[in-house]
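Hi there,

Here is the structure I promised to hand over. Have a look at it first, and my notes follow below.

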Amino acid sequence: MTTIRTDVSASKPPTQGSAARHAATRTARRREVRLLSGLGHLALALWALIVLVPIAWTFISSLKTGPEIFGNAWTMPKVLHFDNFSRAWTKAHIGKYMINSIIVVSLSTFGTMLFGSMAAYVLARYKFWGNRLIYYLFVSGLAFPVFLAITPLFFAVKSMGNLPVIGPWIGLDTRGGLILVYIAYSLPFTVLFLAAFFKTLPDSIAEAAIMDGASHTRLFFRVMLPMARSGLVSITIFNILGQWNQYLLPVALLQGQGAEDRWVLTQGIANISTSAGYESDWPALFAALTLAILPMIVMYAIFQRQIQAGLTAGALK
Amino acid sequence: MRHGKYPFVISFLAIPVVLYVIYVIGPYAQAFYLALTNYNGFSAPTFVGFENFTRMFHNDLFWKAVQHNLFLLVALPLVTMAIALFLSFMLNVGGRSRGGVRSGVWGSKFYRLVFFFPQVLAVVIVAVLFQQILRPDASGAVNGPLHTLGVSPIGFLTNPTVAMWTVLAVLVWQAVGFYVVLFSAGMSNIPQDIYEAADLDGAGRFSMFFRVTLPLLFDTVQVAWVYLGIAAFDAFALVQVLTVEQGGPDGATTVLANEVYKNFLQSKAGYASAMGVALFFLTLTFAGLTVRLSRRERVDF
């Protein structure tokens, strides 16, 4: 195993007497390097196992029968029970919850990106009275824990439900209400990040477009948004994952009678885990977990780079 | 350019600002007021001064929750960052060097891919998953092998002294990958010649890490500390779903967020808001202290 250290010390003009000492430190260091990289490999492999084994175990358990699940944890299933999955999909309503999650998250992420980028663009590139005030209003939202707001938020959504005409669509226990709340709580980070991004875009192109007679709106949708694509992709992924994995807001806002039909996936999974006890359908719980994890693996495998960039975007700014 | 600027600005800002004021600013502002009332969601709120706060300060569960939050505040960043720094150092600098360029270890792409994955999963899914894995009998993925070895099963979630450590461990399990990626990005920004210079001066890998990598990574470490500190004040979904009795056994794992939520469900709107205010001031203190303590000269490279 050659390392840079040995190369470098070898290229140094050897002074008499120090050569022996050099050789000694060289072998000592080489041993240290070998030991450390061995330990390093071991540690890396160990952590990979710590991450993968729980997930693999869940997948295997999803093919077992009830008694097998309560037997020894590491025995393999005798027959692969794929029927667990159909029970999880229909009887445990995983299908319904997943569709609800898809509806809510696609609309709320779209809304977040549309309104967030509009606000960020105006705040970043236009001078007007109150600009800084509104900007800091948005940014200050990052400093508060959601738990501070949760009680009054519940009543705010409840009173929105009393509005004429649109009330029934955006009150408590509605998807619309949840979507609006998701958008509102995603705005601070989205605006903060995108405003910084829009500021970096060159003025010359914007000026040229205005010279050509483009309106402000047209300039935004046709010129600025496409130029900001890489920033938009990162924040879209950040918002999709954040909203897909949200738990507090749906359990607080979709808790009424009959709201089960609108529950999102996280809520459904948590509920299956409590009810699996008395309905004693444990295989269906494991199948439900697997069904919730699998799409994430597929998405992650495809968009791995974008997801890592999107989630770490905030921290690296 | 000036022509039609204001109608445009207003049309772009109207919807986001209205949504934000109704659902975010409004509730935050109201929380401070509700904390001083006995509002229960039905009858009109009456002002009761600091009654909610005195009641809270005499509540054992509140203090338990604060303790658990503080425990997480110290332990979560320390453990997560120690593991993440070690792993990312091994990924980036641990490998052999080819042509003078220090490369990561073999398979470093695969490791990064795997490590990061838990971050993509919902906390609720992670919670249910570990609930099953940590079952207290031989059917649990951890207690099963222990049983075979003749070790008596560990009540990861049922034993009050172990349960909080279990919560910490699951939080760490999910968080490490994110910080490995974060620190790796920071480490790859450190120029190669600094390592080469340290090499010439005879630095081993240990001193290389502590004298070169860590100081130059200080900004990233600081960001990580803030992120993990904020996570330590949350932990809601995990405690709610993973632990027995949502914060048990007997309050052994409860955190402030769960106490807020519990009181909110019991229609104690005023009291829940008071706890929310307490949580807010704890978070604020943490943020203030972090900024104070981490003021330090920046190394540009």
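In chain A, take the contacts that link residues at least 6 apart in sequence: 72% of them join residues at least 24 apart. Two residues are in contact here if their C-beta atoms, placed from the backbone, lie within 7 Å.

Before going on, a word on how to read this. It is a predicted model, in which local features need pLDDT of at least 70 and side-chain atom pairs count only at pLDDT 80 or more, while totals for chains, interfaces and linings use all residues. Residues are numbered from 1 along each chain as its sequence is written, and chains are lettered from A and ligands numbered from 1 in the order in which they are written.

Chain A overall

Chain A has 15 helices and 0 strands. Helices (H or I, at least four residues) and strands (E, at least two) are DSSP runs, numbered from the N terminus. Of the 317 residues in chain A, 42% are buried. A residue is buried if 20 or more other C-beta atoms lie within 10 Å of its own, exposed if 12 or fewer, and partly exposed in between, with C-beta atoms placed from the backbone.

Where the two chains meet

On the chain B side, 88 residues are in contact with 81 residues of chain A. Helix H1 of chain B (residues 5-34) gives the largest share of that side, 21 residues. By type, the side of chain B that touches chain A divides into 65 nonpolar, 18 polar and 5 charged residues. For this count, Ala, Val, Leu, Ile, Met, Phe, Trp, Tyr, Cys and Pro are nonpolar, Asp, Glu, Lys and Arg are charged, and the others, Gly among them, are polar.

Helix H7 of chain A (residues 146-160) packs with helix H12 of chain B (residues 256-265) at an angle of about 5°, and their axes are 10 Å apart. That angle makes H7(A) roughly parallel to H12(B). The axes are lines fitted to C-alpha atoms, for helices over the stretch in contact, and angles run from 0 to 180 degrees between N-to-C directions. Angles under 35 degrees count as roughly parallel, over 145 as roughly antiparallel, 65 to 115 as roughly perpendicular and the rest as oblique. H7(A) brings Phe147(A), Ile150(A) and Thr151(A) to the contact, and H12(B) brings Ala257(B), Val260(B), Tyr261(B) and Phe264(B). These residues divide into 6 nonpolar, 1 polar and no charged.

Two single residues also show contacts across the chains. Ile269(A), in helix H14 of chain A (residues 265-279), is buried, with 26 other C-beta atoms within 10 Å. Leaving out residues up to four places away in sequence, Ile269(A) touches Ala288(A), Leu289(A) and Ala292(A), along with Val124(B), Ile125(B) and Val128(B). Gly41(B) sits in the loop between H1 and helix H2 (51-57) of chain B and is partly exposed, with 14 C-beta neighbours inside 10 Å. Gly41(B) and Ala269(B) are 228 residues apart along the chain, yet 6.5 Å separates their C-alpha atoms.

Helix H3 of chain B (residues 60-92) has 33 residues and spans 47 Å from its first C-alpha to its last, close to the 48 Å expected at 1.5 Å a residue. The expected span is 1.5 Å times one less than the number of residues. H3(B) has a kink of about 25° at Ala75(B), shortly before the proline Pro77(B). The bend at a residue is the angle between axes fitted to the seven residues ending there and the seven starting there.

Two loop residues with positive phi

His93(A) is not a glycine, but has a positive phi of about 65°. His93(A) lies in the loop between helix H4 (83-90) and helix H5 (94-125) of chain A, and is partly exposed, with 19 other C-beta atoms within 10 Å. In chain B, Asp250(B) is not a glycine either, and has a positive phi of about 55°. Asp250(B) is in the loop between helix H11 (236-242) and H12 of chain B.

Happy browsing!
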